[in-house]
Amino acid sequence: MSNNCLGRYASSLGVDLGSSLSERHYDQRRGAHYQAVHNPTVRSTGITEPERRQSPPLPRASSSNYETRPRKRNVVIFGESGSGKSSVINAIAQSQLAKTSSDATGCTFSYQRYTVEFSGQRYVLFDTAGLNEGNIGAVPAAKAEKELKSLLRGLMSPGSDGIGLLVYCVRSTRARQALIRNYNLFYSTICRKKVPIVVVVTGLENETDMQSWWHTNAKEFKSRRMYFQDHACVTTLHRHPGISDVFTHRIAESRDIMRNLIVRNCSEWAVDDTWFKQSFADARKMIRHSWISERSSPSTLIICGSSQKEEEDLVRFGGEAYQVFRVPQPELTSSAGGGHEGDLLIYYAHAETLSAAREMFRAFYTAYRGSMVPVVIVVKGLKDRKSARQWVEQYIMHHGAGLLFSTFAPAGDLGDDSLRRQAEQDLQDLIRQSCLIRSVVKGGGIIKRFARLLGRNWL
């Protein structure tokens, strides 16, 4: 794409190609949700009574009625017992819907759901117990599996848009191993890294500046390979007579911050029977093998559309071992992916290829199970991640695809080594962050899996 053509394309999107990198993921904007994002005024237009837990029959995946009736967005709020999940729900709802307790014996995967409406959109908030440090290895597998199956079926409820957002609640004073297990279980195993995940840090009412907690502690999450699309630092205190004006202000501020966090980050990921079976099977392995969730073998990357030079650049990535399959662009009518099972899909698109971009990507997405595997889209011919995100939003995204990670690759004739190095680093970071974490049983299972990998192309 020529510089003039690229400039006209950027102008049409309202993108400044010289702007700084944007970390904001794609948020599909349509209807009332579009208005909510662009008009951040928070209004409560009604709250229903909490819905009792149900186990409906597995529905057939369908999006044909998406435009004809209002649909709810499922938001999963999880974390250890005592992390403030119920208080977060009450703050969002501006009503004491969820029973709060500091008891740390909540049943793993048990849940309640509450329907709330604000900013012109209906949300179903799932309040679910995560893995408590004391429960690991002590929860009967059969009981945990029964609760897990009920939770997954609840997330497939008719009239919803699948799963829209994960909200991870943590206490500011806690730094436990269960944090990582919960993160990997919900984000990677259950949600396949197909929906945005945000973190809400509670218990910050006594901080001079609540937001400063994140500036000081964000690096601790990254050091544990816990990455979030957004965050909120809040208090979940309940307003009552006699409370000081300072706390009253922080309570109101926290409520608005959490509501806007949901509106700003909620996406659309369609789930079906395939997701139910795969997620249940993977989570079941974790339950039955002492919640092992650390990667024990190299991640498998499936890459489509890269040039020889770009492949050489990938080989230079240090510090990580990857198993790589380079695949051709599938035919538009093809649904077979060659039997490869990836932990991450990487798709290279050309910024100047507009007419068939969505159809070509969707063929790749379908052939290699993009509905169950994270996807990174590298847009060639752009200069920053913001313009890449805008391009993906306009020319690639389709309803139900969930979160798509995106980055850029500069045009080959720019001659800007610093920009090229930045693009390579961004891609390396995205690969590290977005690969699925698969549970592998310790012992012979690891040796067998490594044996199966012999003979493949190594990165």
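Is Tyr-395, at 16% relative accessibility, buried or exposed? Tyr-395 counts as buried, where buried means under 20% relative accessible area, exposed over 50% and partly exposed in between (1.4 Å probe, protein chains only).

These legends describe a predicted model, in which local features need pLDDT of at least 70, side-chain atom pairs count only at pLDDT 80 or more, and totals for chains, interfaces and linings use all residues. Residues are numbered from 1 along each chain as its sequence is written, and side-chain values use heavy atoms, with hydrogens and water left out.

**View A. Trp-391 and Tyr-395 in helix α11 (residues 385-395).** The two residues are four apart in this helix, separated by about one helical turn; helices (H or I, at least four residues) and strands (E, at least two) are DSSP runs, numbered from the N terminus. Trp-391 is buried, at 0% relative accessibility.

**View B. The aromatic pair of Phe-78 and Tyr-168.** The structure holds 17 aromatic pairs; rings of Phe, Tyr and Trp (its six-membered ring) pair if their centres lie within 6.5 Å, and planes under 30 degrees apart count as stacked, over 60 as edge-to-face and the rest as tilted. Phe-78 and Tyr-168 are stacked, with 4.5 Å centre to centre and 10° between the planes. Phe-78 belongs to strand β2 (residues 72-79) and Tyr-168 to strand β5 (residues 160-171), so the pair ties together parts 90 residues apart in sequence.

**View C. A cluster linked by ring pairs.** Its members include Phe-78, Tyr-168, Tyr-183, Trp-213 and Phe-228.

**View D. Lys-149 over the face of Phe-280.** Lys-149 lies at 4.9 Å from the ring centre; a charge sits over a ring if NZ of Lys or CZ of Arg is within 6 Å of the ring centre and within 35 degrees of the ring normal.
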